[in-house]
Amino acid sequence: MSRLVVVSNRVAPMRPGGGTGAEGGLAVAMQRALRDRGGVWFGWSGKTLPSDSGDASIVEIGPVSYATVDLSQQDHDEYYTGFANSVLWPLFHNRIDLTDFTRRDMAGYLRVNAMFAGRLLPLLQRNDVLWIHDYHFIPLGESLRRAGCRQKMGFFLHVPWPPMEILLALPNHVSLVKQLCTYDLIGFQTEADKHSFLEYIRQEAGGEVLPSGRIRAFGMSPIVKSFPISIDTAEVAELSRRAEKGAQSKRLKKSLMKRQLVTGVDRLDYTKGLIQRLESYQHLLSNYPAFRGRVTLLQIAPPSRSDLADYQRIRHQVETIAGHINGTFAEFDWSPVRYLNRGFKRQTLMGFLRASNVGLVTPLRDGMNLVAKEFVAAQDPEDPGVLVLSRFAGAARELESALLVNPYDIEGVGDTLAKALTMPIEERRERWAAMFKHLQRYDLVYWRDTYMGALEAAPCGAAAA
Ligand code: ADP
Ligand code: F6P
């Protein structure tokens with residue numbers, strides 16, 4: 001078997017007891033995917049220095065070598081805060097209004113990608129297979145090829161691919177798509193994302209979509225396919241079972257005093273629909289007074305990308321509305337909202353999900369949303385909670401037995417919450433069983449193995465077909 005080299009901006013070495021809570025879906029998934037197979041995980045160290053630091057530093061933990069590079073302040077500002085998170089992130093989540101394109105940041109993004117390629121190249125062995133992740137590294141493949149890399153290279157996008165009309169708002173859309181076509185395999189989360197990409201290839205790039213799953217564009221011919229990312233279903237189920245007997249879950253249950261629990265877990269990000277979610281909860285309390293004093297919303301939201309003004313703004317807005325709901329409805333012995341800005345150990349978090357009557361997952365746009373899948377896997381089969389899920393999360397394409405909602409329809413989500421909180425046990429079990437069965441089959445190992453299988457079978461070099 002060839003050695004696997006994973007490249008992603010965040011590199012998160014596995015810690016005993018699970019993550020820190022600040023990782024996000026990519027890191028949680030890759031920790032597990034690499035643990036079994038071993039290999040190299042290459043990316044940013046998370047450190048920003050006044051100037052560039054030179055070669056990658058390497059740490060071996062079990063079967064995985066973690067190779068990381070520091071960023072200079074300028075690189076961090078232009079590549080990570082700038083082009084990746086002030087242009088590509090909002091644009092790919094359909095928020096053209098929040099994009100802040102500058103040529104300086106675009107140049108920084110390309111420069112850092114070329115720098116990462118230069119640091120990675122000396123670490124590569126002839127038979128390695130490279131799996132490159134997410135919007136931070138779209139041009140990395142081209143930089144590697146230019147520097148002489150001949151190894152097979154696949155790319156997987158964890159966030160949505162935008163509809164063509166939205167992508168056209170990006171001044172460098174042509175070169176970005178051309179850079180993406182350098183990979184031998186391009187993976188998207190959903191069929192819908194793949195179709196948006198193919199629409200661009202046909203209509204804007206003058207390319208061709210071949211029946212084999214390959215495309216022909218810009219003189220290259222990569223394979224394009226969807227691979228919905230998933231979770232380690234069995235592990236989450238086991239963690240949540242163990243957590244149920246643990247001190248934290250017991251404390252949580254005791255503190256609820258038999259009230260029903262609705263839980264949301266999201267990075268504090270404007271794509272997650274937190275404002276609309278809180279407004280929907282407010283609608284529930286206003287229009288269904290029977291729930292007052294009988295339900296608690298636990299919203300866990302660790303801060304993310306706090307350097308950016310849009311993230312500071314959403315944090316302030318969420319604090320304001322959570323405070324407003326508590327101010328309006330709280331009693332001396334009941335707070336309707338418990339709002340926490342912190343991470344938890346994985347097992348503790350899975351225990352919280354198991355203790356919840358409702359998982360409220362209502363992003364405005366999300367590539368997949370692993371929390372939705374974790375919520376299902378964490379439930380007690382005898383007494384499962386109900387998943388209320390945004391139709392705009394990639395996960396909605398698979399978890400069809402959830403209560404699917406439009407997060408912009410505040411009153412509709414509030415009414416659905418009432419339905420979820422009063423759903424009879426038979427219906428809860430039936431809906432849960434269908435989703436759990438799906439997640440048992442389509443788990444993280446399935447995702448990794450189907451992606452790696454397709455990459456290993458792909459012709460190398462993206463030469464024109
Ligand atoms: P994103 O990748 O946009 O952050 P996902 O829902 O796909 O969203 O993935 C988030 C991952 O991070 C999940 O595995 C979730 O369990 C984990 N996570 C999120 N918040 C916390 C937290 N407060 N503590 C621990 N883990 C967290
Ligand atoms: O899953 C989407 C994603 O953007 C990942 O690429 C990223 O690691 C995660 O969210 C958390 O974001 P950040 O790395 O910017 O903290």
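The model is predicted, so local features were taken at pLDDT of at least 70 and side-chain atom pairs at pLDDT 80 or more, whereas totals for chains, interfaces and linings use all residues. Residues are numbered from 1 along each chain as its sequence is written, chains are lettered from A and ligands numbered from 1 in the order in which they are written, and side-chain values use heavy atoms, with hydrogens and water left out.

In the interface, 33 residues of domain 1 contact 27 residues of domain 2, contact meaning heavy atoms within 4.5 Å. The two domains bury about 2300 Å² between them, with 58% of this on carbon and sulfur atoms. Buried area is the accessible area (1.4 Å probe) that two parts lose on being put together, summed over both. On the domain 1 side, Trp 89, Leu 98 and Ser 230 lose the most area to domain 2, together 19% of what that side buries.

Two kinds of polar pairing cross the interface. There are 2 salt bridges between the domains, each a side-chain nitrogen of Lys or Arg within 4 Å of a carboxyl oxygen of Asp or Glu. Polar contacts join 6 residue pairs, both residues at pLDDT 80 or more. A polar contact is a pair of N or O atoms within 3.5 Å; within protein, one must be able to donate a hydrogen and the other to accept it, and residues adjacent in sequence count only if both atoms are side-chain atoms.

Ligand 2 has 10 residues around it, of which Arg 10, Tyr 80, Trp 89, Asp 134 and Arg 305 come nearest. Here a residue counts if one of its heavy atoms lies within 4 Å. A side-chain N or O atom of Arg 10 is 2.8 Å from an oxygen atom of ligand 2. For Arg 305 the corresponding distance is 2.8 Å. For Tyr 135 it is 3.4 Å.

The whole structure holds 29 salt bridges. Arg 35 and Glu 235 form a salt bridge through their side chains (3.3 Å, N to O). Another pairs Asp 310 with Arg 313, with the closest N and O atoms 2.7 Å apart. Asp 310 and Arg 313 are separated by about one helical turn, because they lie 3 residues apart in helix H11 (residues 309–329). Helices (H or I, at least four residues) are DSSP runs, numbered from the N terminus.

Conventions:
Helix = DSSP H or I, 4+ residues; strand = E, 2+ residues; numbered from the N terminus.
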